[in-house]
Amino acid sequence: MTTLVCTSASTAAEPVTQTLAYPSFSSYVKARQPVLLRTARSLTANPCDAEDLLQTALTKTYVAWERIEDHRALDGYVRRALLNTRTSQWRKRKVDEFVCEELPEPEPAPGGDDPAEKQALHDAMWRAIAKLPARQRAMVVLRYYEDLSEAQTAEVLGVSVGTVKSAVSRALGKLREDPELGLVR
């Protein structure tokens, strides 16, 4: 809990005792500080910053104490001082800008990052693969989608490695000639 302390520049050996010019201010701070601190904490993320914010607002209130006519509305005055002080701090915050050689976000590659284009290519590829004969389709899927080697594909399908090579070659040739995939390229 923070309290407002006024000190004067004196030697360290002498105890400093100074009374506030406004005893009513001191009693107000003692009575309302927990409530005002909760308000300050709602304006900041850090409890230490909230205490500093309240201290600054109370200092401003102390300076204006004589000008405040209605002491029944002090909570509203201090809350407004809290809000104004926090707004000023926020506006004065330092924003650092650094010059760099390259932009932090690279330019998107044409057609590379657009999800709609990726999905269109994916759909067109599967439609083209579905047009292949069943045996070629199985070999292409095992070879390129399941990432099996030619030997593993041959073992799974019970054919020779040469059969896999020739069937995949013919299937890729058909895919290259597919008119729907030609539009996507």
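The exercises below move from the whole chain to single residues.

The model is a predicted one, in which local features need pLDDT of at least 70 and side-chain atom pairs count only at pLDDT 80 or more, while totals for chains, interfaces and linings use all residues. Residues are numbered from 1 along each chain as its sequence is written, and side-chain values use heavy atoms, with hydrogens and water left out.

**Exercise 1. The chain as a whole**

Task: State how many helices and strands the chain has, and what percentage of its residues is buried.

Solution. 
Step 1. Helices (H or I, at least four residues) and strands (E, at least two) are DSSP runs, numbered from the N terminus. The chain has eight helices and zero strands, which gives the pattern α-α-α-α-α-α-α-α along the sequence.
Step 2. A residue is buried under 20% relative accessible area, exposed over 50%, and partly exposed in between (1.4 Å probe, protein chains only). Of the 185 residues in the chain, 24% are buried.
Step 3. Contact means heavy atoms within 4.5 Å. Among contacts between residues at least 6 apart in sequence, 51% join residues at least 24 apart.

**Exercise 2. The packing of α1 and α3**

Task: Describe how α1 and α3 cross, and which residues make the contact.

Solution. 
Step 1. Two packed helices are described by the angle between their axes and the distance between the axes. Axes are lines fitted to C-alpha atoms, for helices over the stretch in contact, and angles run from 0 to 180 degrees between N-to-C directions.
Step 2. The axes of α1 and α3 come within 11 Å and cross at roughly 35°.
Step 3. A crossing is left-handed if the near helix is turned anticlockwise from the far one by less than a right angle, and right-handed if clockwise. The crossing of α1 and α3 is right-handed.
Step 4. From α1 the contact uses Y28, R32, V35, L36, T39, A40 and L43, and from α3 it uses L74, D75, V78, R79, L82, L83 and R86.
Step 5. These residues divide into nine nonpolar, one polar and four charged. Here Ala, Val, Leu, Ile, Met, Phe, Trp, Tyr, Cys and Pro count as nonpolar, Asp, Glu, Lys and Arg as charged, and the others, Gly among them, as polar.

**Exercise 3. The nonpolar cores**

Task: Name the residues that touch the most other members of the largest nonpolar core.

Solution. 
Step 1. A nonpolar core is a set of buried Ala, Val, Leu, Ile, Met, Phe, Trp, Tyr and Cys residues joined through side-chain atoms within 4.5 Å.
Step 2. The largest core has 19 residues, and F25, Y28, L54, L58, W65 and L82 touch the most other members.
Step 3. The elements giving two or more residues to this core are α1, α2 (47-63) and α3.
Step 4. Another core lies apart from it and has eight residues, among them A124, A128, V140 and L175.

**Exercise 4. Salt bridges**

Task: Give the number of salt bridges, and find which residue pairs with D75.

Solution. 
Step 1. A salt bridge is a side-chain nitrogen of Lys or Arg within 4 Å of a carboxyl oxygen of Asp or Glu. By this rule there are six salt bridges.
Step 2. D75 pairs with R32, with the closest N and O atoms 2.5 Å apart. The two residues are 43 residues apart, with D75 in helix α3 (residues 74-92) and R32 in helix α1 (residues 23-43).
Step 3. D75 is buried because its relative accessible area is 17%, whereas R32 is partly exposed at 27%.
Step 4. R127 and E180 form a salt bridge at 2.2 Å, N to O. R127 lies in helix α4 (residues 115-131) and E180 in helix α8 (residues 179-184), so this pair ties together parts 53 residues apart in sequence.
Step 5. R143 forms a salt bridge with E150 at 4.0 Å between the closest N and O atoms. Salt bridges with shared partners join R143, E150 and K165 into one network.
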